[in-house]
Amino acid sequence: MKILNNLCFMCGESTSDGIILNGEKICKACEDKIVNITPKNLNYDTYKDQIKIILFNQQV
Ligand SMILES: [Zn+2]
């Protein structure tokens with residue numbers, strides 16, 4: 001199976017490693033951020049919204 005989109009959905013970086021979540025590419029760096037982020041982090045809401053878009057195809 002060929003990866004159609006090699007650009008990270010979160011940061012837009014072109015990278016070969018990372019995960020595919022519901023058809024969207026997430027690079028290793030962003031994956032780590034998502035895994036380790038806490039609600040105290042300033043970027044928490046941004047990441048949460050982007051994950052929501054990926055998982056549920058919600059537009060914000
Ligand atoms: Zn990324």
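**A first walk through the chain**

Guide: Let me begin with the metal site of this predicted model, where the four donor atoms around the zinc ion subtend angles of 105 to 115°, and that makes the arrangement tetrahedral.

Visitor: What are the protein donors of the zinc ion?

Guide: They are the SG atoms of C8, C11, C27 and C30, lying 2.3 Å from the zinc ion.

Visitor: And what spacing do the donors follow along the chain?

Guide: The donors of the zinc ion follow the spacing C-x2-C-x15-C-x2-C.

Visitor: Is C27 buried or exposed, and what about C30?

Guide: C27 counts as buried because its relative accessibility is 6%, under the 20% cut-off, and C30 is buried as well, with a relative accessible area of 2%.

Visitor: Tell me about α2. How far does the helix reach?

Guide: Helix α2 covers residues 44-56, which is 13 residues, and from its first C-alpha to its last it reaches 18 Å, close to the 18 Å expected at 1.5 Å a residue.

Visitor: Which residues in α2 are buried?

Guide: Y47, Q50, I51, I53 and I54 are buried there. Seen down the axis of α2, the buried residues fall within an arc of 155°, so they line one face of the helix.

Visitor: What covers the buried residues of α2?

Guide: The cover includes β1, β2 (24-26) and α1 (28-36).

Visitor: And what happens just after α2?

Guide: Just after the helix comes N57, which takes a positive phi of about 55°.

Visitor: Changing topic: where is T15 found?

Guide: T15 sits in the segment before β1, the strand formed by residues 19-21. With a relative accessibility of 16%, T15 counts as buried, because the cut-off for buried is under 20%.

Visitor: What does T15 touch?

Guide: Leaving aside residues up to four places away in sequence, T15 touches N6, K25 and C27, and C27 is also one of the donors of the zinc ion.

Notes. Residues are numbered from 1 along each chain as its sequence is written. This is a predicted model: local features need pLDDT of at least 70, side-chain atom pairs count only at pLDDT 80 or more; totals for chains, interfaces and linings use all residues. Side-chain values use heavy atoms; hydrogens and water are left out. Helices (H or I, at least four residues) and strands (E, at least two) are DSSP runs, numbered from the N terminus. Buried means under 20% relative accessible area, exposed over 50%, partly exposed in between (1.4 Å probe, protein chains only). Contact means heavy atoms within 4.5 Å. Donors are N, O and S atoms within 2.8 Å of the metal (3.2 Å for Na, K and Ca); water is not among the atoms, so sites may look incomplete. Four donors count as tetrahedral if all angles lie between 85 and 135 degrees; four count as square planar and six as octahedral if opposite donors are over 155 degrees apart and all others between 65 and 115; anything else is irregular. The expected span of a helix is 1.5 Å times one less than its number of residues. The arc is that of the directions from the helix axis to the C-beta atoms.
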